[in-house]
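Reader: Please take me through this structure in plain terms.

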Amino acid sequence: MGSKAKKRVVLPTRPAPPAVEQILEDVRGAPPDDPVFIALGLDDSPGLSQRAEDTEAQQEQLYQQSRAYVAMNQRLQQAGDGLKQKCEDLWRAGEELERDVGQKTNFGKTRAAGTARGIAEARLLAGDPQAPPRLPTCPCTAPP
């Protein structure tokens, strides 16, 4: 048995790799059912550049939604503060109305009743335990 000498086959030199533009052109020109897209699970995307554009569009949409959320939150905060202020104003107006109505009904009473009321108010201001109970505070400013 003799050994046969193998001939060495000379291969041609490798071509230069394609430029980025050539690669993108090939990907854009490939049909959606191309085996590369099927193997990667991208059969519903026509190309890589389309996916990048979709991602950018989604990011832009999320950014705009975030901006709208922040703006709405600020408007709601301002509206809440405005409502709280109006509630306090209404509470004070109601107290003033009750006081005015009380003065009108007591207008015809004797001076002794007025003196008794003055004493009760003085006790209230001094923190006397025998003083009549204070009016409740505004529910608008009460902690939840």
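**Surface and confidence**

Author: The protein chain exposes about 13,200 Å², and carbon and sulfur atoms supply 59% of it; accessible areas come from the Shrake-Rupley method with a 1.4 Å probe, and for residues only the protein chains shown count as cover. This is a predicted model, in which local features need pLDDT of at least 70 and side-chain atom pairs count only at pLDDT 80 or more, while totals for chains, interfaces and linings use all residues. Residues are numbered from 1 along each chain as its sequence is written, and side-chain values use heavy atoms, with hydrogens and water left out.

Reader: How many helices and strands does the protein chain have?

Author: Both are DSSP runs numbered from the N terminus: helices are H or I, at least four residues, and strands are E, at least two. From the N terminus on, the elements run α-α-α-α. The count is therefore zero strands and four helices.

Reader: What percentage of the residues in the protein chain is buried?

Author: Buried means under 20% relative accessible area, exposed means over 50%, and partly exposed lies in between (1.4 Å probe, protein chains only). Of the 144 residues in the protein chain, the buried share is 7%.

Reader: Is glutamate 88 buried or exposed?

Author: Glutamate 88 lies in helix H3 (residues 48–105), four residues from arginine 92. Arginine 92 is partly exposed, with a relative accessible area of 44%. Glutamate 88 has a relative accessible area of 15%, so this residue is buried.

Reader: Which residues do salt bridges join into one network?

Author: A salt bridge is a side-chain nitrogen of Lys or Arg within 4 Å of a carboxyl oxygen of Asp or Glu, and the whole structure has two. One joins arginine 92 to glutamate 88 (3.7 Å, N to O). Another joins arginine 92 to aspartate 89, with the closest N and O atoms 3.1 Å apart. Through shared partners, the network consists of Glu88, Asp89 and Arg92.
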